[in-house]
Number of protein chains: 2
Amino acid sequence: MRRPLALALAVLLGAPAAAVAAGKPTTLRADDIATAERLRDQALRDDTAWNFTEGLTTEVGARLAGGENDLKAREWTIAKFKALGFDKVWSEPVTFPKWVRRSESGAIVSPHPQPLALIALGNSPGTPTGGLEAEVVAFDSFDALQAADEASVRGRIVFVNAPMQAHRDGHDYGIGSRVRSRGPSLASQKGAAGFLLRSAGTDHNRLPHTGVTAFAEGVKPIPAAALSVPDAEQLARVLARGKPVTVRLALDCGMDGEYAGANVIAELTGRREPDEYFIMGGHLDSWDVGTGAVDDAAGIGIAVGAAKLIAALPERPARSIRVVAFANEESGLFGGKALAAKYADKIGNAVLGSESDAGADRIWKITASVKPEARGAIDQIAALLAPLGVEYDAAAPGHGGSDLSEMHRVGMAALSLYQDATRYFDWHHTENDTLDKVDPEQLRQNVAVYVVAAYLAAQAEGDFGSAPGAFARKAP
Amino acid sequence: MRRPLALALAVLLGAPAAAVAAGKPTTLRADDIATAERLRDQALRDDTAWNFTEGLTTEVGARLAGGENDLKAREWTIAKFKALGFDKVWSEPVTFPKWVRRSESGAIVSPHPQPLALIALGNSPGTPTGGLEAEVVAFDSFDALQAADEASVRGRIVFVNAPMQAHRDGHDYGIGSRVRSRGPSLASQKGAAGFLLRSAGTDHNRLPHTGVTAFAEGVKPIPAAALSVPDAEQLARVLARGKPVTVRLALDCGMDGEYAGANVIAELTGRREPDEYFIMGGHLDSWDVGTGAVDDAAGIGIAVGAAKLIAALPERPARSIRVVAFANEESGLFGGKALAAKYADKIGNAVLGSESDAGADRIWKITASVKPEARGAIDQIAALLAPLGVEYDAAAPGHGGSDLSEMHRVGMAALSLYQDATRYFDWHHTENDTLDKVDPEQLRQNVAVYVVAAYLAAQAEGDFGSAPGAFARKAP
């Protein structure tokens, strides 16, 4: 997961529940509901998702987009999809600018010399040979940096020390991701020589959180890195002593041409309407630290687990089920954008979708953006999820998750299946994103939620409102 | 803290409570008890310990024995002791073999190539240029390695994967420290080329736990490192797939001559018996990762905090109070051994002592090894500590803590003030040993305990039984 889409879109989109139902209602048959209930309960005893997640993180490990494991991960996933018995498995090209990390280090040079645990941000350029050494100027928020005059920033290393607290809905990531994604560009515009942030994380481990940053057009990219939370607090303590503080950064990283990657897609082909599909998945890339377990091997694993249970039914559902392992979500939803571009003109076939990309802890809420005539079907799906502890907010929109938000943007009806993010930002984009952070029981609960939604969407009589522009942003 | 002394000594020493009181009882005066009570309550509002801990970890940082911060830390401490108003501040030489770490890395080479987060153990030699590459042979305990035949080990990298659980008394450290301190020597005796252990820690962070190892006389030192817990579990998963697993280790580290360090000692000089003293402290060295906050800046801070409160009384106590910042505890109690060697023939002057070296969380138990005639005074001290949540086990021995166990060994009466170690082994000997792990409120509780013990021992009428050989190991 890269950015707080839930929040952004909740603001941008009107609540579809406010619209008026005019056409024929979308309905679910009683025997399909009974089947969905059985699938849900089977999911709570099934380890397909765990096995996928364990396999990908153990046998491939970290999967930086465009890095040496990018192709290896796709080959692994294709082989696994085939072995799991999907009807079709294919790849669709996704190209993107490649960023590489070679090494990084940093230190307080004076007045109290000591190493700093830091990590370069994706898209950061490297420092000059020998490193960058400059005085630090600190801000406690993005807004404070925005308000700063250029004279205080020019030639310095800007340090933004904005803390995040853990919440179930992860909303403080809005604070950290804003500093990370937009802070370096803003600092550069004011003449800064380099940029440091307190990691966008809720832990106190000396494992800094990487993640992508972006420089606005025409702005000179400057070296940008995240300090671990303890290191940010240490730097703040040194600064609080009132003497000028000099820091040295040595980042060896940067852009390195284009890379031809791919989304990997698996399908259970529908027996009646094969061109129409429910779509789910996660992203196959990860940051180069950790093994990309909660971000986002588990997301693909959950979708695979749900699809596998449906595949074991006596017959295929009416519509198809598609599972996507997206390319390069981390640097900017490249896989999601490529998918949306390819399917935009037939977006009506994507009847409903949701991507899992906020870890592997239990789903606690469902929301949906669907046509008014399909609201009753969503109500029924939500009722089946209630025993799993899933709340239902019928008034709030769904957005489809990170990459699939791009499909939603071009008109796909979308669910949001909110995972408990309380622990997620302890590990997100760090070396700590490893398999031991995945709780098998909570993972199974995720599969149970997805299998209900996927099966009933694939069996529903009537659609959910997917159509070009169907959920476009309304004028305020 | 280096080794589970509490456990070892609890076994070795008889319970002194079983002995018979024959002489004049050691007594505490009512007004001294009232003063101790006031000091205790003041301690709960005093931040001297925090300020010491914050200052040392922020302005000096990591303090590897013999490293570049060794002298700097002593100079910082001497200046701080003087500024705090101790009557005397001095250093006493401690020499020890110096070990240096330059760099380290490791990776699974096949069948699933990936980096491993590991850290060399203190006293480990480096690997040959280009690194050491060998097949891994795994054991789940020290005993399993001990039982292994040489043919299965020869030429291989031994991997011992023995998990630890968190407990208030930290007793599982007995498992991990045994593997770490004795495993490499045992593996070398069986012909192993290298050694890896699952970190002696209770966390799941990719921050491996260093610590000292020792090679028995005549045994060839082999490269030895600790994997982080997630990496140990990852290696175990790769091994569980049943194919031969090759690992590469590249450790650049090793012994580098002798170093002339020192214990730093501060004294409040007693007004009536200046040569007699209560002794407390912590060790000034730390591992080179982290900033040595819980291990063991806080230990010295607690002693300093207690002494400072006593210094603020209208007059000095009858006996002296000594605070010791020990040299090189981590590689083998060098500071403690030097102190004991120097004062062994006048050990009777060290009336009672206790070192703080298990973090900064609250003290939950007091035990003591004292002469029978002093048991009543200990009972009274324990009664004053009960409101702080401190349990009292009158039947169990005290051992004085890590370095001061050496003073106890030569005859000093000793307390054990057990800190809650539930969280300690999450951070111990890792990059995560930083100031944010110190809870100011629990730290103050420690000071409250120490100030009561220190003041009353310094004021007691009669001694606690310190004498050459007084607490020597009894024949079974």
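Contact here means heavy atoms within 4.5 Å. Keep that cut-off in hand for the whole tour. The model is predicted: local features need pLDDT of at least 70, side-chain atom pairs count only at pLDDT 80 or more, and totals for chains, interfaces and linings use all residues. Residues are numbered from 1 along each chain as its sequence is written, chains are lettered from A and ligands numbered from 1 in the order in which they are written, and side-chain values use heavy atoms, with hydrogens and water left out.

**Stop 1: B:Val323**

Select B:Val323. This residue lies in strand β10 (residues 319–326) of chain B. Strands (E, at least two residues) and helices (H or I, at least four) are DSSP runs, numbered from the N terminus. B:Val323 has 0% relative accessibility and counts as buried. Buried means under 20% relative accessible area, exposed over 50%, and partly exposed in between (1.4 Å probe, protein chains only).

Now show what surrounds it. Leaving out residues up to four places away in sequence, B:Val323 touches B:Phe81, B:Phe86, B:Val264, B:Ile265, B:Ala266, B:Met280, B:Ala303, B:Val304 and B:Ala307. Then pick B:Ala306. From B:Val323 to B:Ala306 is 17 residues in sequence and 9.5 Å in space, C-alpha to C-alpha.

**Stop 2: chain A as a whole**

Select chain A. Colour by secondary structure to find 14 helices and 14 strands. The radius of gyration (over C-alpha atoms) is 23 Å, close to the 23 Å that the globule rule gives for 476 residues, so chain A is as compact as a globular protein of that length. That rule is 2.2 Å times the number of residues to the power 0.38. The C-alpha trace of chain A spans about 75 × 50 × 40 Å along its principal axes.

Of the 476 residues of chain A, 62% count as buried. Among contacts in chain A with a separation of 6 or more, 84% come from residues 24 or more positions apart.

**Stop 3: A:Cys253**

Go to strand β8 (residues 246–268) of chain A and select A:Cys253. It is buried, with a relative accessible area of 5%. Its contacts, not counting residues up to four places away in sequence, include A:Trp99, A:Arg101, A:Ala120 and A:Gly126.

**Stop 4: A:Glu330**

Move to the loop between β10 (319–326) and α10 (334–343) of chain A, where A:Glu330 sits. At 2% relative accessibility, A:Glu330 counts as buried. A polar contact of 3.1 Å joins the two side chains. The rule asks for a pair of N or O atoms within 3.5 Å; within protein, one must be able to donate a hydrogen and the other to accept it, and residues adjacent in sequence count only if both atoms are side-chain atoms.

**Stop 5: the interface**

Show both chains. Here 27 residues of chain A are in contact with 27 residues of chain B. The area buried between them is about 2200 Å², with 42% from carbon and sulfur atoms. Buried area is the accessible area (1.4 Å probe) that two parts lose on being put together, summed over both. Highlight A:Thr58, A:Arg206 and A:Arg241: in chain A they lose the most area to chain B, together 26% of what that side buries.

Next, select B:Arg206 and A:Glu431. Their side chains meet in a salt bridge (2.8 Å, N to O). The count between the chains is 6 salt bridges, each a side-chain nitrogen of Lys or Arg within 4 Å of a carboxyl oxygen of Asp or Glu.
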